[in-house]
Structure formats: C-alpha cells, structure tokens
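Good morning, everyone, and thank you for making the time.

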Amino acid sequence: MPGSHCTQDIPNNISASTSSQLPTITELQPLMAHPDLPSEHGGSQENAKEDQVQPAGPTSLQRAKARFLKGVSYFSGDMEVFAKWMENQFFLLQLLDWVLRGAAQVMFVNNPLSGLIIFAGLILQNYWWALNGFVGTLFATISALILKQNRGAIAAGLYGYNGILVGLLMAVFSNAGNWYWWLLLPNIFLSMMCPIVSSALGSINSRWDLPVFTLPFNILVCLHMVATGHFNHHFPQVLIQPRTEFPNITWSEIDVAKLFMSIPVGIGQVYGCDNPWTGGIFIISLFISSPITCIHAVLGSTVGMVSGLALSAPFGDIYFGLWGYNCVLACIAIGGMFYALTWQVHLLAITCAFFCAYLGSAIANIMSRFGLPACTWPFCLSALTFLLLTTGYKRIFKLPLAKVTYPEKNLRFYWKLKKQEKMEKAEKERKGKEEEQKAIEDEMILNEKEQLRIQLERIEEGNGGNGPSDVINDNTNSEGLTLEVVEHGGEEGERNGDDNLTEVELADYV
Amino acid sequence: MPGSHCTQDIPNNISASTSSQLPTITELQPLMAHPDLPSEHGGSQENAKEDQVQPAGPTSLQRAKARFLKGVSYFSGDMEVFAKWMENQFFLLQLLDWVLRGAAQVMFVNNPLSGLIIFAGLILQNYWWALNGFVGTLFATISALILKQNRGAIAAGLYGYNGILVGLLMAVFSNAGNWYWWLLLPNIFLSMMCPIVSSALGSINSRWDLPVFTLPFNILVCLHMVATGHFNHHFPQVLIQPRTEFPNITWSEIDVAKLFMSIPVGIGQVYGCDNPWTGGIFIISLFISSPITCIHAVLGSTVGMVSGLALSAPFGDIYFGLWGYNCVLACIAIGGMFYALTWQVHLLAITCAFFCAYLGSAIANIMSRFGLPACTWPFCLSALTFLLLTTGYKRIFKLPLAKVTYPEKNLRFYWKLKKQEKMEKAEKERKGKEEEQKAIEDEMILNEKEQLRIQLERIEEGNGGNGPSDVINDNTNSEGLTLEVVEHGGEEGERNGDDNLTEVELADYV
Amino acid sequence: MPGSHCTQDIPNNISASTSSQLPTITELQPLMAHPDLPSEHGGSQENAKEDQVQPAGPTSLQRAKARFLKGVSYFSGDMEVFAKWMENQFFLLQLLDWVLRGAAQVMFVNNPLSGLIIFAGLILQNYWWALNGFVGTLFATISALILKQNRGAIAAGLYGYNGILVGLLMAVFSNAGNWYWWLLLPNIFLSMMCPIVSSALGSINSRWDLPVFTLPFNILVCLHMVATGHFNHHFPQVLIQPRTEFPNITWSEIDVAKLFMSIPVGIGQVYGCDNPWTGGIFIISLFISSPITCIHAVLGSTVGMVSGLALSAPFGDIYFGLWGYNCVLACIAIGGMFYALTWQVHLLAITCAFFCAYLGSAIANIMSRFGLPACTWPFCLSALTFLLLTTGYKRIFKLPLAKVTYPEKNLRFYWKLKKQEKMEKAEKERKGKEEEQKAIEDEMILNEKEQLRIQLERIEEGNGGNGPSDVINDNTNSEGLTLEVVEHGGEEGERNGDDNLTEVELADYV
C-alpha cells in the first residue's frame, strides 16, 4: 500500500504543476505553437519512458541505430537541444536563430536549419525578394521584442513568419521593379505592425483556442496594396484585373510535364516563388524537420492542381502554382499539425485541401475586383473552418494550442494521452473491484463489533453502574475513528498509478 | 408531512436531472431548434397539466373538440408523435423523414408533412430544381451522419435545410440550363460541406446562444458562384451586373394585381421559386405546422413589397419577389420563433422586416458587383442583429436556443415560465408570513420553557442533586430537536408543488 | 481592538458593495464610457483625499486658485455637477442635455457645453446639415429610451453620437440638394435603428471589453447609401468612383498654407465639415472639456496630413481633410481615453494614427468601388486593433470600460491605482517584518512556558495530585487563546486604512 502511495504522489505533483502552468501559457501565447515550456516537461517525460522501454543490453546494431536517431534528433523536429544551447549565446546570434525559425514557421516548421535552407531557396529565386523577406522577418521580431511580447513565442519564430511574408510579397507585387530601395520604408513599417495585428487577432482567436495563422500578413499586405494601388507615384502595385471573358482552354494543349512541375511550384508559391527548384529546396527543408509535414505539403499541392483542372481554370494559373499554395498550407495545418494524425484526420486534411482550392478560386475572383491577389486568405479561412468543426469522433482529436509542436511530436502526445485514458479505465475497474472487497470486509468488521457489543451488554447487565457504559462510549468512539481511518486509507489506496495525472491533464484540454 | 416530502422530492429529482442534462445539450446542439430531449420532458408535463385542467365530466361537444385537437396535434407543430414512431422504423424511412424535415426547416418548420408539400411546390415549379434540392438535402444529411453530428439535430432536419438551399440555388443560378447532369458533382460536394460549415459557425455563434440560420448556404453558394463565375467552361453562372443608370419607373404603370401577387411570390422566392402557385402551396405548408409562422411570413412579404416601393425599386424586382423573401424569413425568426410572441415582439418583428428590406437592397447592390445574388445574407444579418439586442423589457423574452421549437410551443413555454415566476413570488410571500407566525409561536414555546425552568430551579433549590438537572438538559435537547424538525418540516411544506422545478429551470435559462 | 475592527469593517462593506455592483454595470453598459454610478463613488473618494492633502491654512492666492479650479470644474470634464443638477429638471431639458452630450460624444467628450459649441460650428457650416444632425441625435436618443436601454448610458449621450453622424452624413452625401425634406424620413428611421445596432454590437464587443465606437453609424450610413445608390429616384447619393489613372501630383504646386489649414479641416471632417472655422470651433469645444483630447486631436490630424504626403495622395484630398479625421479619432481614443496616458501610450497613439491613415487610404479605395465614402471605418478598425493588443508593459494600462470617463480623470484613476498598489506592497513588506518579530516573540513566550512547565513538573513530583495538572491545562488554554487574539489583532491592525478597498477594487479591474 505505501508503495502505491508513492507512485501516486509523484505524478500527482507533476500534473498539478502542469495544470497550474497551462492556463497562463494558453493566455499568454495565443499565437501558434509554443514548444518551449510545455515541451521541456513533456520531453523529459518521454525520454524517461523511452529509457524504460529500451532493453537492458542492446546489440551493436541497436546501439548504432540509437546513436543515429539521436544524431537526427539534433537537427530534425524543432531542434530543442539547439534552442536550449542558444539561450546562453550572444544576443545577435539568438536573433538570427529566431529570424531563421520565423522564416520556416510559414510552413509551421520551428527549425532554424529549415529556415536557412528556405532563405537559400529564396536567394536562388531573387536576391531582392530574399533581402526584403529578411528585413521583414528581422523587423517583425524586433518589434515583438519592443512590444514585450511572449519570449517563448518570439524564440519559436511565431512573430517572424508574418514579417517574412509581408516583406517578400510587397517586393513581389511591387510594380517599381527590383532594388527600389524606398520600398524598404513601408516594408519596415508594416513588418513592425505585424506583432500588433498578431496580438490583436490572438486576443480574439484565443477565445476559440485558434491560431492566427497568416491573417496578419493577409491583412497588412492587402492594406498596403489597396492603400497605394496600381496608380500610385511612390509605391505602385502590379495591375490585377478580374476576368471578363472566357479563358482559352484547349484540353489537347495540356502539358503534363508542366502539370507535374506545378506541384513543387505550388509549394514555392507559399513564399511567392515560381521557380520549381526553389520549391524543391523547400520540400527538402520540410522533410528535414518533419516528414509528415512534407508529405502533406506535396499532397496539398496535388489536390490544388487537380481542383484547378476540375474547375476549368486557365492552364497558366495551374502551372504557375496559384492553385497549390493555399492547399499546401491547409493540408499541413489540418494533417497532423493542429489535429493528431489519424486516418480520419488524414481524410479530413484532403477534404480541407479541396475546400481550400474551391475557396481559393472564389477569393481570387473577389480580390481581383480590388486589384488584389488572393494572398493566403483561402488557407486561413478554410483551416479555421475545419479547426472549428466539432464532431462525435474520438479519433479526430484537436490538440490544445499550447501543446502544438510538430506532427510527429503531436502524435506521440496523442498516443500518450490515449494510453493514459486506457490505464485510467483499467484503474477504475480495479478500483470498483477493490471497493467491493472492502465493503465485504467492512461488513465482517461490523458483525464482529456487534457481537462484541452484545457480550459487553451482557457483562453490564451483571454489573449495573456508570463505569461500563463509559467504556462502551469510548469503544464506539475509538471504533468510529478506526473506521474513518480505514476508509481514508481505502480511498487513497485506490487512486494510485497514473490516473490522477490523466484526470488533471484531461481537464485542461477540455 | 411525509406526503409533502414525497411530492417535493419527485419534481426535485426531475428538475435536477434536467438541469444536469441541459448544459450538455446546449453545448452539443448549437444549431437551431432541438425539440427532442427537452420537448419530451416538457411535453409530458404539459399533458399532465392539461389533464388536470380538463373538467371531470366533459360534454360530447368538448369530447369531440378534444379528439379533433388531438388529431390536429398528430400532423401540426413538429409532429412529435410521428417522430417517436419513426425512431423504430427502417433506416431509409427515417432518412426520408429527416430529408423532409430538412426541406421545411428553411422556414423554421420541423414537420415532414410541410416538407412533403414544399417538395410538391418545387416540382410544380421545376423538376430539375426539385431534384437538385432533394440531392442537396439528402447528401447534407448523410454528411452530417458521417461526421457524427448530433443525432437529435439531424433528426430535426437542422443539417438538411442548408443542403436543399445549396442544391436548389445552384440549379437556379446555373447558366448551363436544366438537366446539365455534371452540376450534381459540385452540388453533392458543397452539400456535404454544409455540416462542416454549420458546425464551425455553430462553434462561434453558440457563444452568444445564436443559431447559424442559413449562413452556411450563403457562404457555400456564393463560394461556388464566385469560384466559377459567368465565364467558366464547366459551371457557368447567370450574369448579374450592378445597376449603372436610373431605372425606368413610371408610377402610373404600376400593376396592383401583380403587386398583390408578389406576396406569395416573395414566400416562394425563399426557395428561389417565382411561381405564385408554388408560393401559395408554401403558405399552406406553413399553416399546417404553425399558423403564427404563416401569418408572419405573409406579413414579412408585405413589408418587403412596401419597402421596395418606398425605396423606388424597379417594379420588376418587386413583382419577382426579390424584396420579399428575406423579410419573410426575418419576420418569422423574430416573430415568435426565437422570441416568445408578445405585442412588443410582434412590433419588433415588423421593424426587423423593414430593416431587412433596407439591408437587402444594400447587400444586393454590393453583391451584384461580384456577379452574385443577395442570397439570404440580409435575413441572416438582420435577424442576428435583432437577436443580439439587449433591452430592459421583460416582455421581449429571447428563448434559450435549446428550448426553441415552434412559435405556439415557445409561447406555451413562456407562459409556463411566467406562471411559475408568479407562483414563486406568491410562495415567497406566503413563506414570509408563515415564518413570522412561526417566530411568534417559537417565542411562546420559549416563554413556556423558561417558566418550566424557573419552576424546576425552585424545586432544585429545595432538593440539591444531579438527577433533576439532567432531566432539564434532556428536556431542552429533545425540545431543540423537535423545534428543528418542525422548522425543517415548515420549510419543506412551504416549497411543495412546482416551484422547485422553477428555480432550477430558471437557473438554466439565465 | 474593537476600534480597529470598526475602521476595518466600514471600508470593507463599501468595497464589497462596489464589487457587487461593478460586474452588472459592465454587463449593462457595454457601450463607451459610463461615468455615472462609479464616478460618484470614485469622485467622493478623490475629494476626500484632496481635502486631506490641502494644507490647514491656505494663503489668499491658493484660495483664489482653488476657487478658479472649482469654477473650471463646473464646465470642464464631464460636467458632473451639472448632470446631477439636471436629474431633477423638466424632462425636455434633460433630453436637450442628452442630445448635446451625444453631439460631443463623437469626439469622446461627455460635455453639453462642448455639444452646444459643436452645434454652433455645424450651423456655421450648413443649416440643413445641422438640422439633420439634430434630428438624428434626438431620434436616436428617443429610440434608446423607447427600447429601455441603460439610463446612465443615454444620459452620457452614448446613444446619441451615432445618431448625429447618421443624420449629418446622410445630408452631406445626399445628391438631392439641401432642404429636400423627404430625407428626414430615412434619417429618422436609421437614427432610430442606431440603438438597436449599438446594443447588438455591444453584446459582441463586451466579450472583449471593447466599445462599439462609431460602428453603428458606419454600418447604417453605408447601408443607406448602398441601398439607394447614385441612380435612385427617391434618395440619390453623390457619385463616388474609384481612381483609374495616375493623379496629377506636382510637388512644386504644393500650397503650405492650405496644408496647415488642413489640420483644423481634418478635425471638422469628423462631422463631415470642410470649413476650417468650423474645425477651429470644434478644437475650442474639445479644449473646454479636456486639453489632452484637444492635443491628441490636433496631433492626429497632423499625422494624417503627413501620411497623405508620404503615400502621394492627391493634394486636394489632403487639403479637404480626408486624411485627417480618422487619425484624429484614433489618436484621441488611444491617447488617454481608453488607455491611461503615459509616454508609452502617447507613442502608441501616434503609431495608431499612422496605421489609421494607411488603413484609411485602403478602405477609401475599396469603398469607392461600391460608391461609398470611407466613413469612420478606418478609425474603428485601427482603434479596435490597438485596444485588443496585449503587451508585457505595465505602463500601457487599458482602463476597464466601465471606468472610462475623460483622459484627465482616467489618469487620476490610474495614478490612484498605482499608489494603492505601492502602498499595498509596502504594507506587505511591513506585515512580513511584523510577522518575523512576532515569531521571535512567540518563541520567547514558548521558551518561558516550557521553563514554567518544567518547574511545575518538579513541584508535582514532590506533591502528586490532580489539582496542579488542571492548573497547567488551564494555563496553556488561556495562553493559547491570548496568542490567538494577539494574532488576530495583528492582522486587523495591519490592514487598516485604504488597502482593503484596494484589494477588492483591483480584483474588479482584472
């Protein structure tokens, strides 16, 4: 019994501290993924478990595999170890880390290596765009620091990804040509507005435990483009006009090679890049951090291309990746990032990608009336819709926003949770059985007491005085006390194991 | 005394179980009206009351009337008895019931017979449209089943009504002509998206206890129309363009007969039908289920027609019912459906209809810039505005969403609530009086006790021993106990009847 | 001891009653500023404090200054004394007070004198516009009374300011010319809709403790303009068209005098007036009530003008004040009205004004596609964004909506709060020290007791009887009691004065 007591108390404390931390985290970090505080804790738990699972004496092959996996863990996922090491480095180095993570966070990847590769892809596309993107990320991150936003969110790059998109897309849609240096002025101003808009939208979306996605970017780039417009002397925009006649579509002229090429181009278009090699580089950067993300990105781009054909879009638009990039983001977001990846969720992600393609066409047509591109509005709206969905399925599990990291880790978190639920259930059954047995035992004790009392009464009848009656009172009192203690012990003994942890944690996720 | 205990305990238990069920129901069913679980309970209560109200020996006329009313109740209202009977039927038959209810739910009518008549009206208008409507309702309902949405809401047709509108209006606005079978593909896809969008919007609107109305339909049809547009090879839409010159309005040319005809046409336009006979059939279908709904539908259509004349709309639009259908829906929604019908609410409904007509003209002008019809956006926005209104009037009572059924039943619910409030008040007054009397009695008892004690003390002074003092102690103790019991009994005796139920129920509705 | 009890209990009761009132106030008055109920209480406290601060014997100069300040307080700020005096006057006089306050509330000024001056400015601009503005304010206020909205909010003019804007701007944008009396019909209808839309928006915004600003006006005027449009026989609107070519901007032609004149014109444009004298009169009316508001208005207008130049807007638009009025309102709202004015907040207000100018250009371009003016949408959206911002700065303090009055009073409230926090902190430290000392003392007492017990035990060993042990028991008991009393006394003695009040009040503001 004491042993079970101990195993009960330790997780109890841990879960209590977790439960007290979580609400504040959720309040403070309503943006996207906050892997810092919770992940440290979760990580150590997992490691502890994995250690237990490993056999006592591994063979050399197993040892080599373990070493390889550990090596991989240093630069895959969210590079937690690197992030911790960075905490004690020079500030400018830290800032660079945050900027790189911000660049990758556009694709929900919290990994500086991916960010570095993405910048390489951007440079391959266009130097000027890459510069604008860098300036945007940098100033958005600095602005977040000035506004004293949550440090963990800044370190995860959650204030940078809108900045890179603002910077890039302002350069892409500018009609003033490359190396028009004045453009950096509105670029810096709007990048620095990103954290303000992010924070404001976060205040609203956190009520439904939703991320802000790239909404600040959409708002700010559309704001800049429509505020200046095509007919502006300082900051002219490219001319975008609505379609006013039937597009010339001849199905025999379709180019299958270009159609396949549109898949990496679609991924590249997330950053406004139409170079298929850039898209290919982006795919690699995704694979490094999370293969699940990578697969869903490719899947999303394919779905977008197919939808474009189904809705008889001009082939040029499809080749150019305009049908793909929103679906890429939507498919990543639903497929494993904000939901734990199961088969049902996988199907949901594909449905969402189709819906997103439909929505993308609609929004592009509406926005073109104002001379605006669709930006990533379709992705934001479709992903938010699918995240707001409530369903009776237990296997469509939306992760609490504070627990979102990357698909593989989310999945481990979900499995752990399911395991704990199972254990709790088993525990409950065991508890029920124990209670039954205890009830039987209690009855036996009561019977014995009753017999004792009868015996005492008989003795009393023989004596007839005050003393014995006092004895009886004392007896009953002390017995009542004993019973109480036994009951308490029973209650405590029943609740051993992990289930306390589960109860508190589950309460948090509701 | 024990008798009053019993009568108290039973309603207490019932209300407790109701109060524990209701919150979960509200959470799970944020759509529109959920007559299933709560209505069963409410219904049995009402029946019990009506039984009590009925005289002991009714005359033959009264008996005939009762029989007639009972007969009417089988196919009017929400056909609860039929719904219960259906629960044990073959699945396909159930599905048909849900589809028919879904068809009628566009007008807030939860009645399969009305749905059947509405389908008859649609067939009278256009076979192809009716088919598309049926396909839309069917697949929307099936999709809700696949997504494991709330069974009660599905059975009430709350996932079908957006589907029928999506199916119908896609056929109405398609420029490809009738019997263009490919249209069924996007029809099925978008119908199946309905429950997803409904669920997502429900998550947002439930925070303010608001229904989603036809917002999913508006979103999805606009999405389809603007995603494809007039210049599309696969799914071309009819050409809608904004007004760019003064309409030719000559007041002498007004056709009064057509103007009156526009009232049923306006009701028909809820389903996109311009045939006045179809509109007339719809009026009948409304009357079957709920006369209050029917009256407000006619009233709304009239208000819309008058508003059109006031804002100098082209006569053609008014004759075509375009000014009516939104007002019809808004007037029904406010006039008795989501508010309990009082004179104040009736005036509010008419105000809302006028506001809706104004808004309808505005939205139609805006949407026409994108080649879109106004759909039922004006109704949704105006009705939501009027449902969000807070006012100091007690007689403008917004029903909790989980209690919304149909106007007549809502009214009965409201009356019951008011009656209970009154009874509670009276009860409180009575209680106050009883307590006063009890206080007087208690004082008298205490005085008597005091006298007894004084007498005993005098005796004691004579004796000087332990025994008598013990007796006094025993006395006071037993008396204290008696008093307590009396007090408890008093409290319990006062709160018999319905008022416990009221307290708990009222707490739920806050 | 009882004395300290009393001094503690009284503020405790007061604060408790305040805390129980406040939540309901917040629920009922979700509009803008509610100075009535809370301010009475707050005001009396302040006065009490100021009395304490004042020296015992003031010199004649000080006395004159005090008299002057008191005189100023009668017609500056929110004219609280006048409002109280008004409460007992004739109803029509009260209504006039509310209408005048409503006219000034457009600029967040709750002052009938400012309202009177503003009406003078409007008459200077255009008789017909002034009449329409008056009718709008009057009917909006009447409608709020009919709908039984919160009396305090009505008396503060919070239901009137949307009405005056609706009335004015409908007249300004009407293409039917002045003295087209039919215009009063939609004017009255839409003014009476203002409280409904305000109440509905208030229900939504109160979830984030946000005001509704001029959103009802924006919605209703856009609704009217787009519902009728330029090509309407009854209510034609002026023609507004999007820019389709480069504006003719020659920097050498810039008129510096007109540029400076655009600052008062920008303030006048809040009410749709382009007369610089009218703008100047408005500046005076602002200065009377609150110099901080006045400064920020001028600052906002300047920022708007500069932004217009930066984004190469046509000079005509800048001279006409179209770039100023939104920035004026945004700068006032952020700079001291809804945030307590500190240097950080001042910078935030200027940032918000720049953002608002950017947004203004964007929204004007979008709205022009529908033939609509920008209204005050840019102000509403930018101010709401900046009010939703969450930041780690303690010096960016957003006032709870129920406590918002005017910048100077808000600032006093904030200082009071900070002072109380400081005092609380000092109190806590003092408490901590006292507890330490007490602990030392207690230990000493315990040691003494222990020694006493040892002595007694020695005596007992000599005697051997029941009596002394009883004495010891009594001793410990009485000592325990004394200790308890001392502890209680300590706690009570420490928490005298204001700090109880602070605790409860702080809890309210969270």
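Here is a question to hold in mind: what percentage of the interface residues of chain A are also interface residues in chain B? Before I answer, a word on where the values come from: this is a predicted model, in which local features need pLDDT of at least 70 and side-chain atom pairs count only at pLDDT 80 or more, whereas totals for chains, interfaces and linings use all residues. Residues are numbered from 1 along each chain as its sequence is written, chains are lettered from A and ligands numbered from 1 in the order in which they are written, and side-chain values use heavy atoms, with hydrogens and water left out.

Now the answer: only 12% of the interface residues of chain A are also interface residues in chain B, so the copies meet through different surfaces. For chain A and chain C the corresponding value is only 13%, so there too the copies meet through different surfaces.

Let us turn to how the copies are arranged. If we superpose them by least squares on the C-alpha atoms of residues with pLDDT of at least 70 in both, chain A can be laid on chain C with an RMSD of 0.6 Å by a turn of 121° and a shift of 0.4 Å along the axis. The two copies are thus related as by a three-fold rotation axis. Chain A is superposed on chain B by a rotation of 119°, with 0.6 Å of shift along the axis and an RMSD of 0.6 Å. If you want to find the axis on your screen, look for A:Arg369, which of the residues of chain A comes closest to the rotation axis, with its C-alpha at 4.8 Å.

Next, the side of chain A that faces chain B. Taking contact to mean heavy atoms within 4.5 Å, 32 residues of chain A are in contact with 30 residues of chain B. Together these two chains bury about 2900 Å², 67% of it on carbon and sulfur atoms, where buried area is the accessible area (1.4 Å probe) that two parts lose on being put together, summed over both. A:Trp208, A:Phe246 and A:Tyr358 supply 23% of the area that chain A buries against chain B, which is more than any other three residues.

What kinds of polar pairing do we find across this interface? There are 0 salt bridges between chain A and chain B, a salt bridge being a side-chain nitrogen of Lys or Arg within 4 Å of a carboxyl oxygen of Asp or Glu.

On the side of chain A that touches chain C, the contact takes 30 residues from chain A and 32 residues from chain C. Here A:Phe231, A:His233 and A:Phe370 supply 21% of the area that chain A buries against chain C, more than any other three residues. The count between chain A and chain C is again 0 salt bridges, with 17 residue pairs in polar contact, both at pLDDT 80 or more. Two or more residues come from each of α10 (184–205) and α11 (215–228) of chain A, and α10(A) gives the most, with 10 residues.

Conventions: Polar contact = N/O pair within 3.5 Å; in protein donor to acceptor, adjacent residues only side chain to side chain. Helix = DSSP H or I, 4+ residues; strand = E, 2+ residues; numbered from the N terminus.
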